[in-house]
Amino acid sequence: MLRLSLTTFREHRRLFAGAIVAVALGVALLQSSLLVMAAIADAKIPPGLSGQARERLRDSYAGAATLLGMTVLLAAFLALFIVSSTFAFTVAQRRRQLALLRLAGGSRPQLLGLLLSEALLLGTAGTATGVLAGVPATWAQSWSLVALGFLPGGFSPHLDGGIMLGSACTGLVVALLGVLAAARRAAAVRPLEALRDTGRAARVMTVSRWFFGTSSLAVTVWMVWVGQASEVLGAIVIALGVSVIGAVALSLLSPLAVPLASRLLGPVLRSSTLGELAQANLRDAVRRSASTAAPLIVLVALVLGLTGTLDSLAAMVGEEQRRIVAGDLVADSTGAVAARIAQVPGVAVASVQSTVPISVTGRHRRAGRTYRRTLYSGIVAVDPSSYRRTHRPAPRAGSLDRLHGRTIAVAPGQSEEGWRLGGTVTARVGGQRMRLRIVALLPPTLENGADNFLVPRELIPAAVAARAPAQTVIQVAPGTDPAAVAGRLRAAGVGTVRTPARWADDRAAAEERANMAIFAVLMGLGGLYAAVAVVNAVVIAGAERTAEFAVARVTGLSRSQVVRMALIEASAVTAIGLALGGLVAAGALAGIGAAGVRAVGVPLIAVPWTPLLLLVPGAFLITGATSVWSTLSATRRQPVTLVTARE
Amino acid sequence: MMVEQTRPGEMIRLAVELRGVTREYGPGQARVRALDGVHLGFPAGSWTAVMGPSGSGKSTLLHCAAGLEKVSGGRVLLLGRDITSAPDGVLTVLRRRTVGFIFQSFNLIGSLSAEQNVALPLRLAGSRVSRKDVRDVLAAVGLGDRLAHRPRELSGGQQQRVAIARAMVTRPEVLFADEPTGALDSTSARTVLGLMRGLVDAGGQTIVMVTHDPAAAASADAVVFLSDGRVVDRLVRPSVGAVADRLARLEG
């Protein structure tokens, strides 16, 4: 059986190329991510770092580990998806051959064995490539994590035999798991199908496809509906859910959705004979068009849905900050410089907020349990009265008026963490420990990494405050032009001075950049897989259409007309895939828009133009080029030799 | 018109026997009866051709007799054994050892060479395959110099000869043939029919052959005519003229 599968494997190597690449990619990514994760777990926090620096390092390690974890899951999922769809496709295309084997006396277990051996061969080829590619991938990955700021410079992972073996085994398991469903379907091929030319009448929409497709579509529609009436955070979770489940739903239902959508393209396509032919092919070869469109649907829905959601959130953060801050100018400087701002003519109020290097330890309650926790970051020293005048929202409990002496206020970053008014925390300022009473709880904001605590300025030694980075919100005296004051501030050399609107936009942009850093890695990966899947589908389809193309040429089409016909088909499928993916993303963002109206009064939807502008031409380019190449290679031989020869 | 049926107690050993076989397709109102109570026996060691107009149920009869299709009613016996409701495992073993197939579309595996195709059923059955046997058989059908060729590198007649070589090496007791010469020119067809004659005369194998071609039917020992799913006529030791005449009457 292994020898037979070797020959069939060689015969169909083009069909399997995509799956091999997918497995290789998966193994390489799994191995490199695990190696980097192991190195992170082993990494020692260097002695002699300040508490703040330690916390930052720990946070960045945790962030990198989370990102790597998501990478591993995504890689395994996509590898499984591509291997299983490749095998489903090849089984469908090889029905006649499989039926012939049954006719020659092959039993069902033997057919199962044949496909499993093919999967084993494919898995071995992919795994071997992947393990080798995994070594440079490890260096590339840790380099890019350092470049993106997730890991400190000088971080270097080392190779580990156990992890490499584990990744290799996973690659084989993924290949075998991926083939199981297809192998079961192959074993059900009846020998009689070898004798009927309609052998390809196999159903594309199987029962399980119907079931999972319609139920995920129902869940998606329900979520879009619920999303219309939820809070910002709820809407974000829902938007992410809609992107993922909606993508799965439409890709499962693509054998129905693609022909439906191709009807809409009908008027465009029917304007030429070739277009008409292409449209007929689209409708007829449902499996082929669906398997090209499905990865595009998933990619577009995920990329646009996820980045759109996060960018909208960033825009909302900016809008919210703009509303919170009641000032005419915002200046960034050190504490020492900030102290001079109040003396600049035209400045009425200057609220200096210095991020100070102290630690806060306390017990807080969450989900019915109390935790002891020490925080080093986001602790800001303020002057309560000017802070109150420059920041609109009132505390949801307590009052900032009482923020004097040994007291502390819980800022938005810790608002939901279960701190109680009247409780105490221990602060470590310089070498000194002091107990602080919680006197105010500020409401939460949308911002990720917002300030954690506010402490009164008098608690902080002047020398410490002078060195700390400070942000100053400035109100100018009535009747004064803020621009003139800004000029005077710049002349006095008090650091960067911006209008609050500009400052809020910059803040949103910074948030967006942080999102992009994470998503660049994941989406780059997703895009790569989608490209493999699309190329795979187009190549498989082209390779199996040799006879069809030959008939078309005998009927009177020139070779270039056949190529153009296939290109029109591929472009139409690409357009349909992109549109359906966009539909899912639009559904995801609809809830965000509604939540934005409730949270900040305007529907802030950030259309992710950069990914969109990369995706659309990229998708057309890839499908187009692959289609032309595979059609050219399928029409290389004289059509007459193909039309008469049958096997 | 006389309808030929096998009578109980007949002394000829039957390789394949259909007893009141009915085969229906489609649901409810759209139901079509492709075979309508067919009683028919195919004597062992002889070659029977089945003829009839398009849609008369020839192919269905062949598929049911070979166990490729389940019957709606009646019984099918293969070498005295009732295969009417045999499970897939039993039918698989039968396909390896007892029955063979030759079809218009050659049914060769495209990725395997001629030699591998011939050896395939034996290898699937787990038997050791003697390369010499395989080569001898291919040489006997005149393909001694085409061992390593893939089906697509062979002409239609050559592909059909590979299929016959496969039937010779496994020596199935019953060979089912569906339009074996349908895609061949007359010279190739004559070669193939000659080889099939040899299987029956020298090997004692049984052939059940569906055909449209009176010349092919005339190579058989007997011809059975089907119309609307029933056996309507029969000729023993047929001549091309007699077959063509009966067929013209049926189709007219």
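**Exercise 1.** Which residues lie nearest the centre of the second largest cavity?

*Solution.* Of the 18 lining residues, Val99(B), Gly100(B), Phe101(B), Pro121(B) and Arg166(B) lie nearest the centre. A cavity is a set of points, on a 1 Å grid over the protein atoms alone, where a 1.4 Å probe fits but cannot get out; lining residues have an atom within 4 Å of a point. The model is predicted: local features need pLDDT of at least 70 and side-chain atom pairs pLDDT 80 or more, while totals for chains, interfaces and linings use all residues. Residues are numbered from 1 along each chain as written, chains are lettered from A and ligands numbered from 1 in written order, and side-chain values use heavy atoms, without hydrogens and water.

**Exercise 2.** Which elements each supply at least two residues of the lining of the second largest cavity?

*Solution.* Chain A gives helix H4 (95–103). Chain B gives helix H2 (88–97), strand E6 (99–103) and helix H5 (156–170). The largest share, four residues, is from H5(B). Elements are DSSP runs numbered from the N terminus (helices H or I, at least four residues; strands E, at least two).

**Exercise 3.** What is the volume of the largest cavity, and which residues lie nearest its centre?

*Solution.* Its volume is about 180 Å³; the second largest cavity has about 140 Å³. Arg288(A), Ala541(A), Arg545(A), Glu569(A) and Ala570(A) lie nearest the centre of the largest cavity, among 18 lining residues. H18(A) supplies the largest share of this lining, four residues. In total, six cavities of 30 Å³ or more are counted.

Terms used: 1 Å grid on protein atoms, 1.4 Å probe; cavity = no way out; pocket = protein on both sides within 12 Å on 5 of 7 lines; lining within 4 Å. Points joined across faces, edges and corners; volume = space filled by probe spheres on them.
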